[in-house]
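Have the viewer open and follow along topic by topic.

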Amino acid sequence: MYKKESDLMKTKIIETLGRLQDPRTIPALLASFGAPSSEVKLAAVRAIASFPELGRQFYTQAFTRHRVISALKNLFETEDSKEIRSQIVRAFASMHQAEVVPFLLGALEHADRDVQADSVYVCGLFHDISVAYYLEPLLESEHPFIRANSIIALWQFPEYRLRLTIALTGLLEADDLPSQKAAVHTLG
């Protein structure tokens, strides 16, 4: 009972630190990545991700930026929780830094399809037409949410819209429930 209460207290403290948005709290949040509790680690990743425009805010703080990126990458590689891994990928979305591109490209090939789908979504947030080189082959993925997020990520580039419309039509016409959910997700 004590451990659950302790983890709940730590989680609430971490959530509060995330709401404060004070860069001086980052070392404490990163230290929480080593907690034995998945809930505590998840709260720490969410708190880091909650900093608005994390990459721009720390542009002048190169060591902080490097430490955050390194800690997130290390946690991603050592963590078994799908939810924590997905949150880490989403944390990178707020950074918009060139340093995370190799990580995201590696995540596109991750064994976990949900991590791949989140990575595709984050790649689209860079608004760089060269991302199409990496995402276009994923329009043929067997996983419907990877296809859906590829459509969403590439839709911003008009030259791909005909092919994307065809891919979206394929999702809409599919008989299986996951494809239909992915189609609704895409349209939303």
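## Briefing

Gln-87 sits in helix H6 (residues 82–93); helices here are DSSP runs of H or I with at least four residues, numbered from the N terminus. One thing to keep in mind is that this is a predicted model, where local features need pLDDT of at least 70, side-chain atom pairs count only at pLDDT 80 or more, and totals for chains, interfaces and linings use all residues. Residues are numbered from 1 along each chain as its sequence is written, and side-chain values use heavy atoms, with hydrogens and water left out.

- Gln-87 is buried, at a relative accessible area of 18%; buried means under 20%, exposed over 50%, and partly exposed in between, using a 1.4 Å probe and protein chains only.
- Apart from neighbours within four places in sequence, Gln-87 is in contact with Leu-42, Val-45 and Arg-46, where contact means heavy atoms within 4.5 Å.
- Helix H3 covers residues 38–49, and its 12 residues should span 16 Å at 1.5 Å a residue, which agrees with the 16 Å between its end C-alpha atoms. The expected span is 1.5 Å times one less than the number of residues.
- The buried residues of H3 are Val-40, Lys-41, Leu-42, Ala-43, Ala-44, Val-45, Ala-47 and Ile-48.

**The largest pocket**

- About 150 Å³ of space lies in the largest pocket. A pocket is an open set of points on a 1 Å grid over the protein atoms alone, with protein on both sides within 12 Å along at least five of seven lines, and lining residues have an atom within 4 Å of a point. Points are joined across faces, edges and corners, and the volume is the space filled by probe spheres set on them.
- Its lining is made up of Val-101, Leu-104, Leu-105, Cys-123, Phe-126, Asp-128, Ser-130, Val-131 and Tyr-134.
- Helix H7 (residues 101–107) gives the most to that lining, with three residues.
- By type, the lining splits into seven nonpolar, one polar and one charged. Here Ala, Val, Leu, Ile, Met, Phe, Trp, Tyr, Cys and Pro count as nonpolar, Asp, Glu, Lys and Arg as charged, and the others, Gly among them, as polar.

**Salt bridges**

- The count comes to seven salt bridges, each being a side-chain nitrogen of Lys or Arg within 4 Å of a carboxyl oxygen of Asp or Glu.
- Asp-22 pairs with Arg-24 at 2.7 Å, N to O, and Arg-24 is exposed at 71% relative accessibility.
- Glu-136 and Arg-163 form a salt bridge at 2.8 Å, N to O. This pair links distant parts of the chain, 27 residues apart: Glu-136 is in the loop between helix H9 (132–135) and helix H10 (144–154), while Arg-163 is in helix H11 (residues 161–173).
- Glu-140 also bridges to Arg-163, with the closest N and O atoms 2.9 Å apart. Those two are 23 residues apart, with Glu-140 in the loop between H9 and H10.
- Put together, Glu-136, Glu-140 and Arg-163 are linked in a network of salt bridges. Glu-136 is partly exposed at 24%, Arg-163 is partly exposed at 32%, and Glu-140 is exposed at 58%.

- Gln-21 has a positive phi, near 60 degrees, in a residue other than glycine. Gln-21 is in the loop between helix H1 (2–20) and helix H2 (26–31), and is partly exposed at 24%.
- His-127 has a positive phi of about 55 degrees although it is not a glycine. His-127 lies in the loop between helix H8 (113–124) and H9, and counts as exposed at 59% relative accessibility.

Definitions and conventions. On a 1 Å grid over the protein atoms alone, a cavity is a set of points where a 1.4 Å probe fits but cannot get out, and a pocket is an open set with protein on both sides within 12 Å along at least five of seven lines; lining residues have an atom within 4 Å of a point.
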